[in-house]
Amino acid sequence: MMKKFLIAVGGFAFWGAAALAQVQAPPRPAGAIPTAEPQAGFVKSVRGNVQLLSTAGAPRAANAGDALAAVDRIVTGPDSSASVVLRDDTTLVVGPSSRLDLKEFHFNATTHEGGVLVSLLRGSMRMITGLIGKTNPDAIRVETQTATIGIRGTDFIVQTDGQP
């Protein structure tokens, strides 16, 4: 009975984080110079222990507003979650005890062409696709340990136990 209660409470917290992630990215300050290699997105909210790992493998604590590179790993601890908004307005909500790799992200803001490839190694993730998914759903891919998922919808949940 207690286990079902804890699962329900954890689920409500996970969906609460999803609701917080719906807020759009803050506008760029006037006069800001765009970088040559734009970031893939930013961390919208963090609850609990969340780490970002770069391709070099250097972990850093995630905080709201942190930039996310086109190739980064998000690791959440127990009772932790994070929401990320990508430049095309795709929203990723990573649940507790999860490991998610953003393996590829590219997006042209003028043509709305691009691609997203994420790999859910462990845990759960909710994805709400942005402009890339609306213009070219085939350009959104999610990998798990045993499958690659082609996305045809715009809002879905993936969960894996991390065991092949």
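Two strands are treated as paired if DSSP finds at least two bridges between them. Helices (H or I, at least four residues) and strands (E, at least two) are DSSP runs, numbered from the N terminus. The structure described here is a predicted model, in which local features need pLDDT of at least 70 and side-chain atom pairs count only at pLDDT 80 or more, while totals for chains, interfaces and linings use all residues. Residues are numbered from 1 along each chain as its sequence is written, and side-chain values use heavy atoms, with hydrogens and water left out.

The protein chain contains two helices and 12 strands. Along the sequence, these elements follow the pattern α-β-β-β-β-β-β-β-β-β-α-β-β-β. Of the 164 residues in the protein chain, 40% are buried, where buried means under 20% relative accessible area, exposed over 50%, and partly exposed in between (1.4 Å probe, protein chains only). The accessible surface of the protein chain is about 9000 Å², and carbon and sulfur atoms account for 58% of this area. Accessible areas come from the Shrake-Rupley method with a 1.4 Å probe; for residues, only the protein chains shown count as cover. Contacts were defined by heavy atoms within 4.5 Å. Among contacts between residues at least 6 apart in sequence, 54% join residues at least 24 apart.

The average pLDDT of the protein chain is 79, and 70% of the residues score at least 70. Two segments have pLDDT under 50 throughout. Residues 1-10 form one such segment, with zero contacts beyond four places in sequence. Residues 15-36 also stay under 50, and here the model has 24 contacts beyond four places in sequence.

Strand E1 (residues 41-47) takes part in two pairings. With strand E4 (residues 67-68), E1 runs antiparallel and is joined by two bridges; Phe42 has Ala67 of E4 as its bridge partner. With E6, E1 is again antiparallel, and six bridges join the two strands. In this pairing, Gly41 stands opposite Leu86 of E6.

Strand E5 (residues 72-76) likewise takes part in two pairings. Strand E2 (residues 50-53) is antiparallel to E5 and joined to it by four bridges, with Arg73 of E5 as the bridge partner of Leu53. Strand E8 (residues 99-107) also pairs with E5 in the antiparallel sense over four bridges, and Leu102 of E8 is the bridge partner of Asp72. In a regular strand the side chains alternate between the two faces of the sheet. In E5, the covered face holds Asp72, Ile74 and Thr76, whereas the uncovered face holds Arg73 and Val75.

A nonpolar core was defined as a set of buried Ala, Val, Leu, Ile, Met, Phe, Trp, Tyr and Cys residues joined through side-chain atoms within 4.5 Å. The largest nonpolar core has 26 residues, and Leu86, Val116, Val118 and Met125 touch the most other members. At least two residues of this core come from each of E2, strand E6 (81-86), strand E7 (91-94), E8, strand E9 (114-128) and strand E10 (140-143). E9 gives the most, with five residues.

Ser83 lies in strand E6 and counts as buried because its relative accessibility is 0%. The side chains of Ser83 and Ser45 are joined by a polar contact of 2.7 Å. A polar contact is a pair of N or O atoms within 3.5 Å; within protein, one must be able to donate a hydrogen and the other to accept it, and residues adjacent in sequence count only if both atoms are side-chain atoms. Val93 lies in strand E7 and is buried, with a relative accessible area of 0%. Val93 and Arg126 are 33 residues apart in sequence, but their C-alpha atoms are 5.0 Å apart in space.

Positive phi values occur at two residues other than glycine. Asp79 has a phi of about 60° and is placed in the loop between E5 and E6. Asp79 counts as exposed because its relative accessibility is 62%. His112 has a phi near 65° and lies in the loop between E8 and E9. With a relative accessibility of 27%, His112 counts as partly exposed.

How values were computed:
pLDDT = per-residue confidence, 0-100.
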